[in-house]
Amino acid sequence: KFELEYMREWKPQSSNVHLHAGGAYARGLEVARRAFYIEGQDRISAENAGMVALAQAYGDFQCPPTSAKTLDRMLGALEFYFDKYPLGADGTQPITLPGGVSGIEFKFATPLGINHPETGDPILYVGRSDMVAKWNGGTYIYDDKTTSQLGASWSAQWDLRSQFTGYCW
């Protein structure tokens, strides 16, 4: 897969709707959070900036007719999110990382305290976080997900996934 995709640049002819729509949604949240928490914009202005950013990131992508992840629905999902979870209403504050980097949409790498058995180099836990915030005396990771629908089996899609286990660590 590595050789075909990265060395020979064999890629699907079209983008994956879930990745494209999820990326646009994430961009909207990032812009809104930065506008509110870092730039000091009022909640409504910041949320509106997030809606604009989502639309720009979605662009002229042609959503498959069978998918629920159209631009209109993604904008509706973000609007619903902001209605249920208005920026600043829960008292969270993004952390500030060393070097003054905000805890909003950042990449990280941290040694696990376990060395590679052959090289002796530390094994790293690497990822990207939507937001790390302080709340009620604790530090918590925000990981926003988009999905087509909720149901009885919705949470099972993350069973035994290392992403959330790693976050707990």
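Trainee: Is Arg27 buried, partly exposed or exposed?
Mentor: Arg27 is partly exposed, at 38% relative accessible area. Keep in mind that this is a predicted model.

Trainee: What does Arg27 form a salt bridge with?
Mentor: Glu30. Their closest N and O atoms are 3.3 Å apart. Both sit in helix H2, 3 residues apart, so about one helical turn separates them.

Trainee: And Glu30, buried or exposed?
Mentor: Buried, with a relative accessible area of 13%. The cut-off for buried is under 20%.

Trainee: Which residues are linked in that network of salt bridges?
Mentor: Arg27, Glu30 and Arg34.

Trainee: How many salt bridges are there in the whole structure?
Mentor: The search finds 6. One of them joins the side chains of Glu3 and Arg8, at 2.9 Å from N to O. Glu3 is partly exposed at 40%, and Arg8 is partly exposed at 47%.

Trainee: What does Glu105 pair with?
Mentor: Arg128, with the closest N and O atoms 3.0 Å apart. This pair links distant parts of the chain: Glu105 is in strand S2 and Arg128 in strand S3, 23 residues apart. Glu105 counts as buried at 12%, while Arg128 is partly exposed at 41%.

Trainee: Switching topic. Where is Arg33 found?
Mentor: In helix H2, residues 17–38. Arg33 is buried, at 3% relative accessible area. Beyond its close sequence neighbours, its contacts include Tyr81, Asp130 and Asp144.

Trainee: Which element has the lowest mean pLDDT?
Mentor: Helix H5, residues 162–168, at 72. Helix H3 has the highest, 97. The protein's mean is 87.

Methods: Residues are numbered from 1 along each chain as its sequence is written. This is a predicted model: local features need pLDDT of at least 70, side-chain atom pairs count only at pLDDT 80 or more; totals for chains, interfaces and linings use all residues. Side-chain values use heavy atoms; hydrogens and water are left out. Helices (H or I, at least four residues) and strands (E, at least two) are DSSP runs, numbered from the N terminus. Buried means under 20% relative accessible area, exposed over 50%, partly exposed in between (1.4 Å probe, protein chains only). Contact means heavy atoms within 4.5 Å. pLDDT is the predictor's confidence in each residue, from 0 to 100. A salt bridge is a side-chain nitrogen of Lys or Arg within 4 Å of a carboxyl oxygen of Asp or Glu. Lists of a residue's contacts leave out its neighbours within four places in sequence.
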